[in-house]
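Morning, everyone. I'll walk you through one protein chain today. Please have the viewer open.

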Amino acid sequence: MASDRPKIIASLDDNTVAVVGDAIIAETISTAAKRIRERKKFILILISLGGKMKSLKLKEKWQSLGEELNFSCLICKTKAYIKENNEDKSREIICPRCGWLKITYHLWEASTSKNELGFKSFSDQELLLLSSDLRRRQENTNKKDLNTIKLDTQSLKIIGQNAINNEPNFSHRLFILLEAIEKLQSFLGEEVVIEDEWIENYLLAMAYLKDDKELEYCLNSLRELGYIRYPNTWTSKYKHYPPFRITSQGYGFLEKFRNKKDSLKSEDVFVAIELKEEFDHIYSAIKQAIEKAGYNPRRADKEHYTDYIMDWIKAKIKESRFLVAEITTGNLGVYFEIGYALGLGIPVIPILKKEKDEENPFEKVHFDLKQFNIIVYEAPEDLEEKLCNRIAALFGILKKQKEIMD
Ligand SMILES: [Zn+2]
């Protein structure tokens, strides 16, 4: 479809071009590739143009109901709309900050008293984190339309705990604020105006901010960092926010942070190891250790040895949270994979075998070891334990989180 094609190809300066389009559209990628060949430097901006502006839809939805905001939201205390379902007595809440929620009668009842199962079991600070978490669950989906979140006492407990455990730090908040601003645009470099409380609350919720003062502070921080730019003169349309634009530096920051975030989220671990039978039992021990810590081991197998093997390996390393590298034999492929991972900023755990009568196993190693903390093992059994402990210490044990979503 023509409308799905990359929307804009802009020159940001003499050396930099930007391509905007849906990430899954192949044409966006090929257009970008062409531009890369022509220019020295580029920024590829992939946004799903159809997936934005949900806050405006929320506002429309609320307006279509034709009701006054007459209810104080149970979670964030913002003026919100509430409707009772006659059949099952559940409640529907449309909140400018939390979004569109459906609350079971049981949870509603629990929340009107000081019940352990309801919203009052959380502190005000925790409720703000919960509000943001719920809104982000609604915004960060591939669905173009609004979707509601159904909450009962059980799911509230799980989502609430998850929200509290994942409170973002300041630099992460700046990134997600800029990302939320990006989603308000319908084209690259469009002026962003915080025109009403719906847009304001959308930004507050997305970036885990408490109030307009925090939002103003973060916007000023983004400006000081050069990621957004205010016009020289403006007439303020809504409160104290001047309209602004994301700068090319701002788009660059988003791109860099997103790449980093993808590998931080990954549960895959690349194993760089020589493909010889004598290493099969070593690989088994590595695999056990990685799986015990909750991650998925990935290794180039013989069936991957086609013309595209290097592409396959590079793609897998890129997607990995970290790399485990068996360096005992000094295999060139393994060394390449270590170098490639380090170049991408992906951590490497090297492992090295010590033979029984060997005095210094490090003599076999070809590179400067000072930056590495190599695991030295003698047998698969001690390797498995040492590696699992190292992974747990560096990256943590992964527990799968159940998603609750309508
Ligand atoms: Zn709310």
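Let's start with a sheet. Five strands make up an open sheet, ordered S4-S5-S6-S7-S8, and the pairing is mixed. Remember as we go that this is a predicted model. Which strands sit at the edges? They are S4, residues 71–72, and S8, residues 149–151, and each pairs on one side only.

Now look inside that sheet. S6 covers residues 91–95 and S7 covers residues 99–103. The two pair in the antiparallel sense, over five bridges. Find isoleucine 94: its bridge partner in S7 is tryptophan 100.

Step back for a moment. The protein chain has 13 helices and 15 strands. It has 406 residues, and 30% of them count as buried. Take the contacts with a separation of 6 or more: residues 24 or more positions apart account for 63% of those.

S13, residues 322–326, and S14, residues 348–353, run parallel and are joined by four bridges. Glutamate 326 has isoleucine 351 as its bridge partner in S14.

Next, helices against helices. How do the axes of H6 and H8 cross? H6 is residues 170–182 and H8 is residues 212–224; their axes come within 10 Å and cross at roughly 90 degrees. Angles of 65 to 115 degrees count as roughly perpendicular, so that is the label for H6 and H8. On the H6 side, the contact uses Arg173, Leu174, Leu177 and Leu178. On the H8 side, it uses Cys218, Ser221 and Leu222. By type, the contact residues are five nonpolar, one polar and one charged.

Last stop: H7, residues 197–206. Is this helix mostly covered or mostly open? Mostly covered: eight of its 10 residues are buried. Among them are Ile199, Tyr202 and Met206. After H7 comes tyrosine 208, with a positive phi, near 55 degrees.

That's the tour. Questions, please.

Note on methods: Residues are numbered from 1 along each chain as its sequence is written. This is a predicted model: local features need pLDDT of at least 70, side-chain atom pairs count only at pLDDT 80 or more; totals for chains, interfaces and linings use all residues. A residue is buried if 20 or more other C-beta atoms lie within 10 Å of its own, exposed if 12 or fewer, and partly exposed in between; C-beta atoms are placed from the backbone. Axes are lines fitted to C-alpha atoms, for helices over the stretch in contact, and angles run from 0 to 180 degrees between N-to-C directions. Angles under 35 degrees count as roughly parallel, over 145 as roughly antiparallel, 65 to 115 as roughly perpendicular and the rest as oblique. Two residues are in contact if their C-beta atoms, placed from the backbone, lie within 7 Å. Ala, Val, Leu, Ile, Met, Phe, Trp, Tyr, Cys and Pro count as nonpolar, Asp, Glu, Lys and Arg as charged, and the others, Gly among them, as polar. Two strands pair if DSSP finds at least two bridges between them.
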